[in-house]
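Take a walk through this model, one chain at a time. Keep the viewer open as you read.

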Amino acid sequence: MRKEIIKLNVGPQHPSTHGVLRLLVELEGEVVVSCDPDIGYLHRGIEKLMENRTYHRSIPLTERVDYLAGAANSLGYVLAVERLLGISEIPERARYIRVIVAELTRIASHLFWLATHGHDLGAMTPLFYALRDREIIMDFFETWAGKRLFPNMFRVGGVARDFPDGLEQEIKKFALELPQRMRDYETLLTKNPIWINRTKGVGVLTKEEVLDYGLSGPMARGSGLNFDIRRVDPYLGYDEFEFVVPLGENGDTYDRYLIRLEEMRQSCNIILQAVDRLPKGDIMIEDYQVAFPPKDKVINGEYLIPHYLLVVKGFKAPKGEIFHHTEAPKGELGFYIVSDGSEHPYRVKIRTPSFVNLQVISKLAKGRLLSDLIALIGTIDIVLADVDR
Amino acid sequence: MGIEESGGILVTTLEKVVNWARKYSVWPLTFGLACCAIEMICTAASRFDIARFGMEAYRPSPRQADMMIVAGTVTKKMLPAVLRLYEQMPDPKWVMVMGSCATCGGIFRSYAVVQGIDKYLPVDVYVPGCPPPPDALLYGITKIHEKIMQDKWLTKKYEHIKFPKKVEG
Amino acid sequence: MENLKDYIKGVIESLPPESLVSHVEFRDQVTLVVRQVSLLEVLKILKDDFGYKYLIDVTAVDRYEDDPRFEVVYHLWCHERNCLLRVKTWASQGEPPTIPSVVGLWNTANWHERECFDMFGIVFEGHPDLRRILLWEGFDGHPLRKDYPVEGR
């Protein structure tokens, strides 16, 4: 018997790596001996670019960090800047709009994950079903903001545009219907023997390993670690909503699949509560040193000048440093902003969930079959822009 | 093209018929780089249904593909791989650039991003937007179709020949 | 909130006094500034005795005009009490700047430290596999340093 190690190069162009991930895999037969991810194929220098822009002009950059959940990223950034400035309260309507959009983004991201994860493991139908529902969410964003993937409507101190008439009812209708339609998706996968064979017992993580590798989001909750930042460090008034944080038992790919499905239902639940409580009123604070005046009043000199100064020069933030984290669809998204008292941040570090979660793949893949590697990439739910920034 | 009056015979040139067949059977390369790739997948999926244009056969291997959609930011680290994929594709091949990043670098004017893939690849169609919606991509595809129809792959080599004019008398 | 403040006060009091330079509070977030020689000791105490078991992030800040130039920042999270703590220290002077690695305490620090090395050129001593992570081998310079131009060289 002669044993030979085969070196296999997966990516950067590969249909199942969800972007431009490259994995250097060493194989013995079909068993993975070692797996070394090579990332950085989508490193765009966002952190460096943000150092040279005013706080407001960085918002479009942050949306492109995790492009499956654009609004969730700019939400994290805007909340961090607000905390840096000491803005603790924004108008109620703006707050609820933020919650609704953040949860819609979570659903959209998880739907896309369901589509690609299923597709990678050989189930083609979920792709078409899940993307059908995702298109509805994209339509909501297009109606509200004029853009599908990146609404780019969150501003420091509120939101830039109110929901158009009737959109709330449409969103409510969608949130009521989605859990019913998800039952159909579950009939395709949850009890499907092929699906169970491909996912059960694959990529098992214990609680200690989760802590050791600093995992967050569904990766941590799959192993039973009760860590949802919406619960443990509430922002945007998430503590007033009723929702369940689903936890897994075995910490394998199948558990994480069930958790993400349950999270979508819980997001629908939060959306329904938020739409019911959505009050009428302002959508932006009235401090025109930092927040944009309403667009229809900008023809008036009283509003025109602060608007002009805000666009051209930006606002000065107090000297200090802040770390603010939010629960993005993929895990903990943190913004560490260091300010030196000028209009530009001195340093912005984006702590992205995918970057940290991807690291564990070398550990999970060791000793497994090559085909499990594809399941593992899917279950970690990475987006390469989120990994590389 | 013309139809003969008797027998329903269609008269056309070989070039046009081949171009017409090519136009409705373009096989794109499964190749997503960044945000635009998501819109490309949406175009291929249930609602926009790229199969209407005969393009549903996304090929993971460049050797079976004849159209490359550069969808997303091309970084300097990724550039050698992009060029290699292009060179692996058999002729005739078309390149479509999707989104601002691949067109000109977009909002990422930084040390890591290639400021426009057209410095390195011959581009046929640019689709602007950040990211372009699926309808924009479909419009770009129709533009590629127009370009394919104008492709003089057969008669090009005779273009330089000046046929002598008939002399009267 | 008051409980948390008392807790963090207790944390500060129980650390060896010579290890701590100062502590800063800004917008309800506490930063402990520690000396580099006692960094590992402090992090180990925080991890084992006070439940800061989750290392959120390791990053650096380039204070271009100061000496020592590079601040290294650790964000820790305690799952039992749900509180955040920021530990800050400096990388040593000179080129390249150095600092001990914390991979022995948390495996997650591996990639964070590689990223810091890639972006700032800080060498983490004792790191098992210190090489560039986001940029390619042979890249000239460290882009997040303040003297590196945005559009590259």
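**A helix over a sheet, then a whole chain**

Start in chain B with helix H2, residues 35-44, which lies across strands S3 and S4 of chain B. Helix H2(B) runs at about 130 degrees to S3(B). Keep in mind that this is a predicted model.

Now look at the sheet itself. Chain B has an open sheet of three strands here, in the order S3-S4-S5. The pairing is parallel. Strand S3 (67-71) and strand S5 (125-127) of chain B each have a single partner strand and stand at the edges, so one side of each lacks a neighbour in the sheet. From one strand to the next, the twist averages 20 degrees. Strands of a sheet pair through backbone hydrogen bonds, either parallel or antiparallel.

Zoom in on one pairing. Strand S4 of chain B, residues 94-98, runs parallel to S5(B), and three bridges join them. Val97(B) stands opposite Tyr126(B), which belongs to S5(B).

Next, turn to chain C. Three helices and seven strands make up its elements. Read from the N terminus, their order is α-β-β-α-β-β-β-β-α-β. The radius of gyration of chain C is 16 Å, close to the 15 Å that the globule rule gives for 153 residues, so chain C is as compact as a globular protein of that length. Its C-alpha trace spans about 50 × 30 × 25 Å along the principal axes.

What share of the residues in chain C is buried? The buried residues make up 60% of the 153. Chain C exposes about 6500 Å², and carbon and sulfur atoms supply 48% of that area. Finally, take the contacts in chain C between residues at least 6 apart in sequence: 50% of them join residues at least 24 apart.

Notes. Residues numbered from 1 in each chain as written. Chains lettered and ligands numbered in written order. Predicted model: local features only at pLDDT ≥ 70, side-chain atom pairs only at ≥ 80, totals over all residues. Heavy atoms only, no water. Pairing = 2+ DSSP bridges. Helix = DSSP H or I, 4+ residues; strand = E, 2+ residues; numbered from the N terminus. Axes fitted to C-alpha atoms, helices over the stretch in contact; angles between N-to-C directions. Contact = heavy atoms within 4.5 Å. Rg over C-alpha atoms; globule rule 2.2 N^0.38 Å. Buried < 20%, exposed > 50% of the residue type's maximum accessible area, 1.4 Å probe, protein only. Areas by Shrake-Rupley, 256 points an atom, 1.4 Å probe, with all protein chains shown as cover.
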